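Thanks for coming, everyone. I'll walk through one model and pick out a few places worth a look. Please have the viewer open.

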Amino acid sequence: MKSIRTTAALIALVGLLAWGQSLHAQADFYKGKTITVIAGTTAGALYDQWSRLLAQHMGKHIPGKPDLIVQNMPGAGHMIAANYVYNKSKPDGLTIIGSIVPTLYFDQLVGRKEAQFDWAKFAWIGSPVQGESQMYMRADTPYKTIEDVRNAKEPPRCGAQGTSDSAYYLPKLFEELIGTKFNLVQGYPGGPEIDLAVERGEIHCRSFTIEAFLSREPYHTWRKKGFVRNIIQTGKKRDSKMPETPTVWELMDKYKTPEASRRLASVMLASGALGRPMLAPPGLAADRVKILRDAFNKTMEDKEFLADLDKRSFDLDPVKGEELERIVKDVMSQPADIIARMKKLLGAD
């Protein structure tokens, strides 16, 4: 019995020494280095703001305390950034995406050639938030409610970046689920540019997260002035801050949406659980994935980070990297009939 305890103690000691050596090696690796944090949108968008907040605070929780700098790489609804990090970045832990639109997997599932990545093979670090979406509409348009949109002779014009952008796929999904019609204007480099187009009267509406709509300008001013109204939200329950806005699930009940379409809704709206994920290139060594995940988790409890969130009135509802990885694996395992319906909805037949 004594020999067994001695052996166990030796094994534990060897494991502790190995862990210490690994931690020291990572500190040596990151010391004096710079991590490039890619933001897949233009400066000022909420994805960019989250990337900069994380870059500002995560470094002190990484062994060796590297600097983190943000590089904007907008275009194609974050597709350019995803393709770059997946195909061009070395899997060394020195290039990560700070915050990316969580629905890029749509393009992979439906077989779009622009998606030059395997969504499930990214290294998932964490997400500071998760949440549902809404659609705003200019208040001076004839489209006061979803019923108005359903009955309109001329559909409202909604702006979007690309097909994986919620500003694109949500209006398309609403068409499938509740019979609305929208004219989608694509190609905007980022959310701020879509909002400017709404202010200029070029378009009428945009779909994106409730979190973003409630957390920043110009939406604070818009709400005070009554410039826009929220006409639909995606959650199964109404958000407490949007109690007057109906959910798509309520509307599906009202319009008796078929079960097959409801299943499609469940798959596509599940992307909200991914939030605004931070990720790294495929092939990143497990010990460096752990270092980055641990640093992310510690940042979520960092007092200075939390104080910065309070200043911006940002919500915090973090998801750990392991959970993101699990969600992604589930999402990427869809049956053929669901993929066929997604292809039809997204025009990828």
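Start with Q116. Setting aside residues up to four places away in sequence, Q116 touches N83, Y86 and N87. Remember that this is a predicted model. Q116 sits in the loop between α4, residues 105-109, and β4, residues 123-127. Is it buried or exposed, or something in between? Q116 counts as partly exposed, at 45% relative accessibility. Now look at M79. M79 and Q116 are 37 residues apart along the chain, and their C-alpha atoms are separated by 8.7 Å.

Next, the disulfide. There is one in the structure. C158 and C205 form it, with their sulfur atoms 1.9 Å apart. As a reminder, a disulfide is a covalent bond between the sulfur atoms of two cysteines. The angle about the S-S bond is -100 degrees, and the link of C158 and C205 is left-handed. What does the pair tie together? C158 lies in strand β6, residues 157-159, while C205 lies in strand β8, residues 205-209, so the link ties together parts that are 47 residues apart in sequence. Both cysteines, C158 and C205, are buried.

Stay with β8. Five of its five residues are buried, so β8 is largely enclosed by the rest of the structure. Which way do β5 and β8 run relative to each other, parallel or antiparallel? They run antiparallel, and five bridges join them.

Now helix α7, residues 191-200. Its buried residues are G191, P192, I194, D195, A197 and V198. What covers them? The cover includes β5, residues 133-138, along with β6, β8 and α9, residues 219-225. After α7 comes G201, and the phi of G201 is positive, near 85 degrees.

Two buried loop residues next. T141 is in the loop between β5 and α5, where α5 spans residues 146-151. T141 has a relative accessible area of 5%, and it counts as buried because the cut-off is under 20%. Where does its side chain reach? The side chain of T141 reaches the backbone oxygen of R138 at 2.9 Å.

The other one is R276. R276 is found in the loop between α11, residues 259-269, and β10, residues 278-280. R276 is buried too, with a relative accessible area of 3%. Its partner is E211: a polar contact of 2.8 Å joins the side chains of R276 and E211.

Last topic, the aromatics. How many aromatic pairs does the structure hold? It holds 19. Take F122 and W124. Their ring centres are 6.5 Å apart and their planes are at 80 degrees, so this pair is edge-to-face. F122 and W124 are both buried.

Then there is a cluster. Y136, F208, F213, Y219, W222 and F227 form one aromatic cluster. Two arginines lie over rings of that cluster. R206 lies over the face of F208, at 3.9 Å from the ring centre. R223 lies over the face of F213, at 5.3 Å from the ring centre.

To recap, keep two spots on screen. One is the C158 and C205 disulfide. The other is the aromatic cluster that includes F208 and F213. Over to you for questions.

Terms used
Residues are numbered from 1 along each chain as its sequence is written. This is a predicted model: local features need pLDDT of at least 70, side-chain atom pairs count only at pLDDT 80 or more; totals for chains, interfaces and linings use all residues. Side-chain values use heavy atoms; hydrogens and water are left out. Rings of Phe, Tyr and Trp (its six-membered ring) pair if their centres lie within 6.5 Å; planes under 30 degrees apart count as stacked, over 60 as edge-to-face and the rest as tilted. Buried means under 20% relative accessible area, exposed over 50%, partly exposed in between (1.4 Å probe, protein chains only). A charge sits over a ring if NZ of Lys or CZ of Arg is within 6 Å of the ring centre and within 35 degrees of the ring normal. A disulfide is a pair of cysteine sulfur atoms within 2.5 Å. Helices (H or I, at least four residues) and strands (E, at least two) are DSSP runs, numbered from the N terminus. A polar contact is a pair of N or O atoms within 3.5 Å; within protein, one must be able to donate a hydrogen and the other to accept it, and residues adjacent in sequence count only if both atoms are side-chain atoms. Contact means heavy atoms within 4.5 Å. Two strands pair if DSSP finds at least two bridges between them.
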